[in-house]
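Here are my notes on this one, as numbered points. Have a look at the model alongside them.

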Amino acid sequence: MTFEDIVKTLSDRMLQGGLAPWKAEDAALEEGLAGPENITAGVAARRAFVEAKSGHSFRHIMLPERPYHTGYRCPNDQSLWTLAAEDTHIRCGMCDTPLEPLPAAQRHKPLVNNYIGGIEDYFSYAGEVTVGGDVRKTFQNILCWGPGVGHLGISVGCFKLNKYGPIEVQVSDWGIAARNLSFVFSTEPEREKAKKIIQQHLPEIIRIITAEHLSEWGGEIVDVDTLYKQHHGDRILHCCFYSRFENHRGHGQTSHAAGRAKLIIDDLFRQNGVSCRLSVVGMGRDGDLKPSPRNRRGRYVSAQQTIPVSEYEKNIGRPIEEFFSYIELDRQAVTEEIGWPAYTGMGGEIIPAFYRTMKNNPRPYLVSCFQKVYASIRGKDLVFGVELPNVEVGITSSPEGIISPMAREALRMAGITSAKEYAAALAAVTLGGEFNFATLHVQERMYTGR
Ligand SMILES: [Zn+2]
């Protein structure tokens with residue numbers, strides 16, 4: 001068989017369910033292709049498979065001519081180097097000595113597990129997931145994770161969860177953005193007066209800032225709240241503007257809207273003789289770039305699955321109580337070690353991998369990474385879920401930056417066409433990863449080689 005015939009045979013076998021996508025390189029070896037050509041064929045077959053599954057063709061997520069890496073050793077300091085085959089600087093990065101290739105058997109490996117393309121960012125295929133509830137759809141899981149076996153864990157987790165039907169997702173219709181203004185006064189009566197003036201003029205302020213900064217993007221102000229704080233002689237008035245958007249992130253627009261509101265409020269203070277010592281944008285109060293449970297930005301999404309307890313006990317080979325012992329010991333550990341339950345599992349890896357793949361705004365996705373795993377028994381069922389209370393995402397390009405052609409292609413291939421679907425797919429892959437991870441730990445198979 002020619003190279004093309006082998007690629008076609010392998011992708012057909014994958015589509016018929018007779019070959020797991022992550023075994024394509026091994027299958028190419030069995031078809032008679034020697035290394036590293038088996039890697040090239042395996043990747044090409046997997047690309048054809050993902051194209052058939054998604055109904056889209058790869059154009060921007062490129063396939064390099066040699067889609068594998070090469071192992072080297074520095075003869076001077078014995079350090080090991082794993083370089084993309086495309087890399088032309090074959091020297092030690094520490095002492096500049098020319099590197100020597102490893103023995104043939106261990107020389108070449110795929111760029112990442114389940115690699116499907118990409119040059120700077122290596123894209124992997126992580127199976128598919130079907131969701132129901134607020135979003136009903138099957139997504140292809142495409143992730144820039146790294147070299148680990150994480151993609152495989154997500155594939156397996158999503159597959160096992162979908163045996164019980166679609167994963168149920170609940171997603172907020174809007175993403176919230178927030179920007180806070182802070183005013184400092186010397187006396188409490190002065191602060192009281194200022195607050196009254198702001199509240200009296202709020203409808204007019206909202207009308208102006210919406211027209212100037214929000215409506216073009218489909219954004220609106222949904223709430224404005226105030227908060228009194230004090231530091232020694234500073235009587236502080238915080239005034240936070242909350243906006244909401246369906247598909248834009250709206251962060252920049254909301255910041256400029258609040259900035260405009262500040263100018264209007266400063267004028268009102270002057271006209272009414274209010275003595276305000278300091279008037280600033282006080283970002284610390286609006287949750288900007290802080291992944292905390294108090295972060296009031298982004299969109300809520302949860303994903304959960306219901307599994308009969310008897311079936312899950314058979315799967316883990318032990319009573320369900322011991323699964324809950326694991327969940328609790330991990331929850332307690334994360335909470336005590338870092339002070340709050342930022343990640344109770346793998347979310348810290350899965351969520352950034354998803355953001356790196358889709359490259360939507362925000363690029364600094366830290367704010368969106370707060371994640372909680374939950375599990376409970378309802379009747380005869382185990383309910384296993386994950387909630388992400390503040391996922392920020394702008395699905396369209398915006399003044400905050402464009403979404404690259406490669407990233408737009410990843411969205412198309414994944415099947416994501418709205419911010420709501422983005423959040424649903426993100427929560428579903430996070431749940432798939434967490435489920436597989438928790439199950440492996442309780443089965444004592446994680447890192448043990450069992
Ligand atoms: Zn060296």
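1. Which domains does the domain assignment of the chain give? Domain 1 (1-55), domain 2 (68-110), domain 3 (162-173 + 298-442) and domain 4 (178-285), with bounds from an automatic or database domain assignment.

2. Some ground rules. This is a predicted model, where local features need pLDDT of at least 70, side-chain atom pairs count only at pLDDT 80 or more, and totals for chains, interfaces and linings use all residues. Residues are numbered from 1 along each chain as its sequence is written.

3. The centres of domain 3 and domain 4, taken over C-alpha atoms, are separated by 34 Å. Where they touch, 13 residues of domain 3 are in contact with 6 of domain 4 (C-beta atoms, placed from the backbone, within 7 Å).

4. Now helix 6 (residues 251-271): its 21 residues should span 30 Å at 1.5 Å a residue, and its end C-alpha atoms are 30 Å apart, which agrees (the expected span is 1.5 Å times one less than the number of residues). Helices here are DSSP runs of H or I, at least four residues, and strands runs of E, at least two, numbered from the N terminus.

5. Among the buried residues of helix 6 are His251, Lys262 and Phe269 (buried: 20 or more other C-beta atoms within 10 Å of the residue's own, with C-beta atoms placed from the backbone). The buried residues of helix 6 pack against strand 9 (175-185), helix 5 (188-214), strand 11 (234-245) and strand 12 (278-281).

6. Just after helix 6, Gly273 has a positive phi of about 65°.

Conventions
Two residues are in contact if their C-beta atoms, placed from the backbone, lie within 7 Å. A residue is buried if 20 or more other C-beta atoms lie within 10 Å of its own, exposed if 12 or fewer, and partly exposed in between; C-beta atoms are placed from the backbone.
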